[in-house]
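Let's walk through this model together, stopping at a few places worth a look. Keep the viewer open as you read.

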Amino acid sequence: MFPLQRNRRLRTNESIRSLVRETSISPQDFMCPMFIAEGKNVKKEVPSMPGVYRQSLDGTVKEVKELWDLGIKAVNLYTKVSENLKDNTGKEAWNKDGLMQQTIRAIKDAVPEMIVMPDVALDPYSIYGHDGIIENGQIVNDATNDALTRMSISHAEAGADFVAPSDMMDGRILAIRNGLEESGFHNVGIMSYSAKYASAFYGPFRDALDSAPKDSKVKVPKNKKTYQMDYANRTEAIKEAIHDVEEGADIVMVKPGLCYLDIVREVKNAVNVPVAVYQVSGEYAMIKAASEKGWIDHDAVILEQLTAIKRAGASLISTYFAKYAAKLIS
Ligand code: PBG
């Protein structure tokens, strides 16, 4: 081989490196997660996520326009509603004039081509901070699916392009797909959080929405491990993704990102639909914290991680860096 093969030849300068580069990222790879707050002129930074805000509708719509102008084509929406709207059934989630429904309408009015993907899960509406309804100290699967279906239909009625169930109940994709079909929403897609792990990296997100599982007088599970996946498992992720495609998912997601790139590649090889990855709040917070200390190069690390996620097999990346990274690479 050597000296006939000198691998460094293709690394000699930036021109040849760019010619042989296998992976590139662009703004249309990104989806931008957004936290929606009640009220007017509200814009509060999430303490554990510098540069990320909980915003009321006015500011959100303005920001969606900026995102669109930067070439970003999708937003993932998460709402934070007041405690008095929460209960065990999560019924505020399908209020046709609820915060999410208003937000979807406002965004579709202002930027009709933006793909709007509301989060479908009960936790922001649950007094217990769980993604499902609780009976006798357990998260009940099938009753939760009914709630998620109603929630999805109400999002579709408000104008959502996709719904994005992030709850990890069994059979929810089938339930939601059937519900959408029966209501005539044949073209509303489903991006399923298929392989969603019970991860410690969601901490800052739960701060943002105040949605962590809570202590309460009735017995409720302290964590989400009876529905989100065990991070030690690999084959289960493939099974989840395949089931979701069979049940009607248009896009499957792996979440979190960086610690799960092996799963991303395997899911990519196992299914014939686009794979999305969520670079989650804790991953964002780590980059912010380490770079604030001057220990890592903020911009370089962002580009490296996003490229690695794409290289692993992601067609879409949900990232809190969407806007920033779009500016960096344009
Ligand atoms: C809740 C939901 C969570 C995230 C997205 N949807 C948190 C959780 O499961 O507790 C986490 C996203 C992030 O950490 O950025 N259904």
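Helices here are DSSP runs of H or I with at least four residues and strands are runs of E with at least two, both numbered from the N terminus. This is a predicted model, so local features need pLDDT of at least 70 and side-chain atom pairs count only at pLDDT 80 or more, while totals for chains, interfaces and linings use all residues. Residues are numbered from 1 along each chain as its sequence is written.

Most residues other than glycine have a negative phi, and most peptide bonds are trans. Another cis bond links Phe 2 to Pro 3, with omega about 10 degrees; Pro 3 belongs to the segment before helix 1 (14-20).

Now for positive phi. Asn 136 has a phi near 50 degrees and lies in the loop between strand 6 (133-135) and strand 7 (138-140). Is Asn 136 buried or exposed? A residue is buried if 20 or more other C-beta atoms, placed from the backbone, lie within 10 Å of its own, exposed if 12 or fewer, and partly exposed in between. Asn 136 counts as exposed because it has 7 C-beta neighbours inside 10 Å. Asp 210, in the loop between helix 6 and helix 7, has a positive phi of about 55 degrees. With 16 such neighbours inside 10 Å, Asp 210 counts as partly exposed.

On to the inside. A nonpolar core is a set of buried Ala, Val, Leu, Ile, Met, Phe, Trp, Tyr and Cys residues joined through C-beta atoms within 7 Å. The largest one has 95 residues, and Val 75 and Met 117 touch the most other members. Strand 1 (residues 30-37) gives the most to this core, with 7 residues. Contact means C-beta atoms, placed from the backbone, within 7 Å. Leaving out residues up to four places away in sequence, Val 75 touches a set of residues including Met 31, Val 64, Ile 107 and Met 117.

Helix 5 (residues 172-182) has a list of buried residues that includes Arg 172, Ile 173, Arg 177 and Leu 180. The buried residues of helix 5 pack against helix 4 (141-158), strand 8 (162-165), strand 9 (189-196) and helix 7. Just past helix 5, Gly 184 has a positive phi of about 85 degrees.

Helix 7 (residues 235-247) also holds Glu 240, where UniProt, in an unreviewed entry, places a "binding site"; such annotations may be inferred rather than shown by experiment, and the positions follow the numbering used here, with feature names shortened. Glu 240 counts as buried because it has 23 C-beta neighbours inside 10 Å. Beyond four places in sequence, Glu 240 touches Ser 194 and Ala 195.

Finally, look at helix 9 (residues 281-292). In helix 9, Ser 281, Glu 283, Tyr 284 and Ala 285 are buried, and the buried residues of this helix pack against strand 3 (49-55), helix 6 (203-209) and strand 11 (275-279). Gly 294 follows helix 9, with a positive phi near 80 degrees.

Key
Contact = placed C-beta atoms within 7 Å.
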